[in-house]
Amino acid sequence: EKELPGVVGLLDCTYIYIQKSSVMNFQKQTFSEKKGRNLLKFLLLSYPSGKIAAVYGPFEDQSDTTIMKGVLETSNLKECLTPED
């Protein structure tokens, strides 16, 4: 907190690689052209200390911006933010 004054949390997306599915539709939805593998993404909210406050997901291969906008629209997380955030 001393290093990041005023910061109460950090939002960031991460991913985990998964085994290629035998279900073709799921395989297509989770395939990342950028990484060349199947993966699932998660949006993590963490405190400046590094402790994880919340995990949203899993999400299929989508941009981090799309995931963050979707979470903000469908969760109560937006209520915790101020206009400056």
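This is a predicted model: local features need pLDDT of at least 70, side-chain atom pairs count only at pLDDT 80 or more; totals for chains, interfaces and linings use all residues.
**View 1. Strand β3 and its burial.** Strand β3 spans residues 37-46. The strand is mostly covered: 8 of its 10 residues are buried. Its bridges reach β1, β2 and β4.

**View 2. Strand β1 against β3.** Strand β1 takes in residues 10-17. It runs antiparallel to β3, and 8 bridges join the pair.

View 3. Strand β2 consists of residues 31-32. Its 2 bridges to β3 are antiparallel. Serine 32 stands opposite arginine 37 in β3. The two strands form a hairpin with 4 residues between them. In that turn, glycine 36 has a positive phi of about 75°.

View 4. Strand β4 covers residues 52-59. Antiparallel pairing with β3 comes with 5 bridges. Here leucine 44 faces valine 55 of β4 as its opposite residue. This hairpin has 5 residues between the strands. Glycine 50 takes a positive phi near 105° in the hairpin.

**View 5. A cis peptide bond at proline 58.** Proline 58 lies in strand β4. The peptide bond from glycine 57 to proline 58 is cis. Its omega is near 10°. Strand β4, which holds proline 58, is joined to β3 by 5 bridges.

Notes:
Residues are numbered from 1 along each chain as its sequence is written. Side-chain values use heavy atoms; hydrogens and water are left out. Buried means under 20% relative accessible area, exposed over 50%, partly exposed in between (1.4 Å probe, protein chains only). Two strands pair if DSSP finds at least two bridges between them.
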